[in-house]
Amino acid sequence: MELRVEPVVTPLEMSESSQSHDGESLETDAYESLPPTASLSTQMTAGAVAGILEHTVMYPVDSVKTRMQSLQPDPKAQYRSVYEALHRIIRTEGLLRPFRGLNITMLGAGPAHALYFACYERVKHILSDVIQNGGNSHLANGVAGSVATVLHDAVMNPAEVVKQRMQMYNSPYRGLLDCVRSVKRAEGMAAFYRSYSTQLAMNVPFQAVHFVTYEFMQERLNPQRCYQPASHIVSGAAAGAVSAAVTTPLDVCKTLLNTQEDTVLSSMSMRGHLSGMANAFRTVYRLGGLPAFFKGVQARVIYQMPSTAIAWSVYEFFKYFLTQR
């Protein structure tokens, strides 16, 4: 006869163990996203702060990206690298020149990202409940990011038009208001949304790849979904780099539609203004072939990696801070 000793667990121990695990699960779930009771203003505040910091910290690199995407740049505005571009712009045009257009970016980024993150959280909750019974779902993350993008771009597109026109070399505008008035007077209100379809065509896949990559990296680096700043920074940087590189061709077309470069229009014997994503694609290809679709990709990735890392780390910090309170 073999003597076997079975471990005995008292009901009290079982109860305490269950409560401990439940407590950990509840604490993790509470942080993973803003609680259902969180007000809309709480979600929008977290998104607005994250968005403003995302766009402002790396803004000089964004200015370089806009210039590097020019299809027929002035000989004085042809750059081999991001560092060379920044050095030359500061040396020849002044220390503050890379920050031109930052004011309209901040005015647009606050409300745009407030709507963006609030919409993302709500849609993700709804779809996750349907698809995964409340668990993480890549499909829910991608769809939520895409839906949020539609709202974000509706607010941000006019700001992008003004910003990019002020970033270009030899920009004729004296300031923000002068740019808005001049564009409205010469091209009408439609000019501020001429690139909206292209912006959506770029940002919907951008955000889908962005959120899927971020959530995928979080599953690997932070499976417990606790507040871990390092994991949020690394995941955000990876998400920004991948999504930026993949969507660069559409960003080049968007820049062309926003800036309406005179040299490009005259070389193509165009009258009036260039409009439509298909026309932008044809123009880019005729002037530079396939390589032209990846103009400024280096600057775009360099800009997007830290920007996205900052946005996610700030947003996750706000989630942690607000849920703890």
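V147 lies in helix α6. Helices here are DSSP runs of H or I with at least four residues, strands are runs of E with at least two, and both are numbered from the N terminus.

Before going on, a word on the source. This is a predicted model, in which local features need pLDDT of at least 70 and side-chain atom pairs count only at pLDDT 80 or more, while totals for chains, interfaces and linings use all residues. Residues are numbered from 1 along each chain as its sequence is written, and side-chain values use heavy atoms, with hydrogens and water left out.

Back to V147. Together with I126, V130, I131, L139 and V143, V147 forms a nonpolar patch on the surface, with about 520 Å² of accessible area in total. Patch residues have over 30% relative accessible area and no salt bridge, and nonpolar side chains (Val, Leu, Ile, Met, Phe, Trp, Tyr) are joined within 5 Å, like charges within 9 Å. A salt bridge is a side-chain nitrogen of Lys or Arg within 4 Å of a carboxyl oxygen of Asp or Glu. Areas come from the Shrake-Rupley method with a 1.4 Å probe, and for residues only the protein chains shown count as cover. At least two residues of the patch come from each of α5 (102-132) and α6 (138-167).

Now the whole chain. Its secondary structure comes to 13 helices and 0 strands. Of the 325 residues, 50% are buried.

Next, the spaces inside. How many cavities of 30 Å³ or more does the structure hold? There are 2. A cavity is a set of points on a 1 Å grid over the protein atoms alone where a 1.4 Å probe fits but cannot get out; a pocket is an open set with protein on both sides within 12 Å along at least five of seven lines, and lining residues have an atom within 4 Å of a point. The largest cavity has about 370 Å³ of space. Its lining has 25 residues, and E54, H55, N203, F206 and Q304 are the closest to its centre. Helices α5 and α6 are among those that each supply at least two residues of this lining.

Last, the largest pocket, with about 550 Å³ of space. It is lined by 22 residues, and M168, Y169, T259, E261 and D262 lie nearest its centre. Helix α11 (residues 262-267) gives the most to this lining, with 3 residues.

Note on methods:
Points joined across faces, edges and corners; volume = space filled by probe spheres on them. Buried < 20%, exposed > 50% of the residue type's maximum accessible area, 1.4 Å probe, protein only.
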